[in-house]
Amino acid sequence: MTGPTIPADQNRRISGTMFSFQVFGIPIRLHVTFLLVAAVLLLSGLGEERSSVVYVLYVAGLFASLLLHEMGHVLVTRNFGVRTLEIVMFPIGGVARLDRRLQPAEEIAVATAGPLVNMFLAGACWVLATVNNHIVSLAGISNSTNDNLGAQLFFANLGMAAFNLLPAFPMDGGRILRSILSRFRHADDATRIATWVGRMTAISMALYGLFSGHYLLVIASFFLYLGAAQEAAAALGRVLTSGIPVRAAMVTEFHTLSHNHTVREAIQMSLSSSQQDFPVMHGGEISGLLSRGSLMRALAAEGPDAYVVGVMDRDFISLTVDHDLSTVLPVMARASHCALVLQDHKLVGLLTADNLSHFLALRRFGLDPEEHLPA
Ligand SMILES: [Zn+2]
């Protein structure tokens with residue numbers, strides 16, 4: 001069976017990013033939260049006993065260390081024949097989108113590579129500082145001066161390696177923990193345990209940060225908790241849906257539009273039902289999808305008398321009734337409209353975010369979808 005047909009621009013892209021550039025051909029995007037935290041850090045570091053040139057060098061060194069950490073992951077990933085499609089930088093590190101899931105043994109190697117790069121960089125900074133007769137000591141960097149740039153980057157890289165090796169998913173250490181656990185447990189069980197450790201670590205870190213006045217730790221723990229909670233929800237979703245076909249969760253009663261319907265008629269239809277997105281049909285074939293977003297844009301730009309055929313989306317997600325729900329879940333999580341479900345090339349249902357979450361809630365209460373499937 002082939003996978004779902006997804007428009008290229010919706011293929012699980014992570015939203016909320018600004019600025020993108022390429023390093024070694026890998027697109028890197030900066031998430032808004034990354035930029036916010038970076039701006040706070042940059043401003044709080046000003047006004048110390050160092051020149052602005054050294055400060056810029058320090059910040060550039062930090063950013064380069066982050067990127068090289070990610071490139072460590074990319075290189076080892078490539079070694080296993082897996083392509084990194086893009087990396088999105090979050091405050092606690094990069095999230096890589098790969099063209100396939102890693103096997104546990106592969107994940108251990110990939111996850112270790114990033115912190116190893118930081119340890120190597122720390123070593124290089126230590127050598128540079130020592131050659132220049134600067135003493136590398138923790139006490140020495142409590143006051144950032146022009147002379148201890150090497151020492152500052154040494155400790156920054158050690159810190160990055162240590163933080164990433166925390167056995168708390170989604171940190172690299174948590175990925176290593178999950179891979180080791182998955183030798184004894186089912187993959188989703190392993191993820192659940194690793195994300196639980198991640199959340200507990202985040203809570204402990206936040207409490208420690210609050211009481212010791214290290215507010216940077218509190219911010220980091222917030223993002224760590226968020227990452228762990230998201231991954232735990234995804235793992236639970238997989239457990240609840242794996243082996244279940246799309247037809248068990250799809251909407252089978254729905255309205256369609258045809259080419260000669262106008263925007264006005266589409267609006268009337270959307271007001272008189274709870275349906276958000278409408279398939280547009282032509283001679284029994286699907287020719288497009290009119291989502292609520294497109295409908296509103298069309299109303300604003302072209303007015304109520306425009307024909308839906310001119311304003312509908314021609315890129316949409318299409319699934320077959322037999323697609324495994326667990327493989328469809330990540331696609332639906334990023335989709336801005338419903339998916340069309342086909343059987344023998346005929347439209348038989350819609351998979352909507354609302355119905356899917358309703359279905360997941362029922363599954364948590366022990367509903368067996370096989371009993372309720374239409375024959
Ligand atoms: Zn990493």
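Me: In which handedness of crossing does α2 pass α3?

Reply: A crossing is left-handed if the near helix is turned anticlockwise from the far one by less than a right angle, and right-handed if clockwise; here α2 passes α3 in a right-handed crossing. The model is a predicted one, in which local features need pLDDT of at least 70 and side-chain atom pairs count only at pLDDT 80 or more, while totals for chains, interfaces and linings use all residues. Residues are numbered from 1 along each chain as its sequence is written.

Me: At what angle do helix α2 and helix α3 pack?

Reply: Axes are lines fitted to C-alpha atoms, for helices over the stretch in contact, and angles run from 0 to 180 degrees between N-to-C directions; helices (H or I, at least four residues) and strands (E, at least two) are DSSP runs, numbered from the N terminus. Helix α2 (residues 52–79) and helix α3 (residues 104–131) pack at about 140 degrees, with axes 8 Å apart. That makes α2 oblique to α3, since angles under 35 degrees count as roughly parallel, over 145 as roughly antiparallel, 65 to 115 as roughly perpendicular and the rest as oblique.

Me: How do strands β3 and β4 run?

Reply: Two strands pair if DSSP finds at least two bridges between them; strand β3 (residues 84–90) and strand β4 (residues 93–98) run antiparallel, joined by six bridges, and form a hairpin with two residues between them. Within this pair, V88 stands opposite V95 of β4.

Me: What is the order of the three strands in the open sheet?

Reply: The order is β5-β6-β7, with mixed pairing. β5 (257–258) and β7 (285–290) stand at the edges, each with a single partner strand, so one side of each has no neighbour in the sheet.
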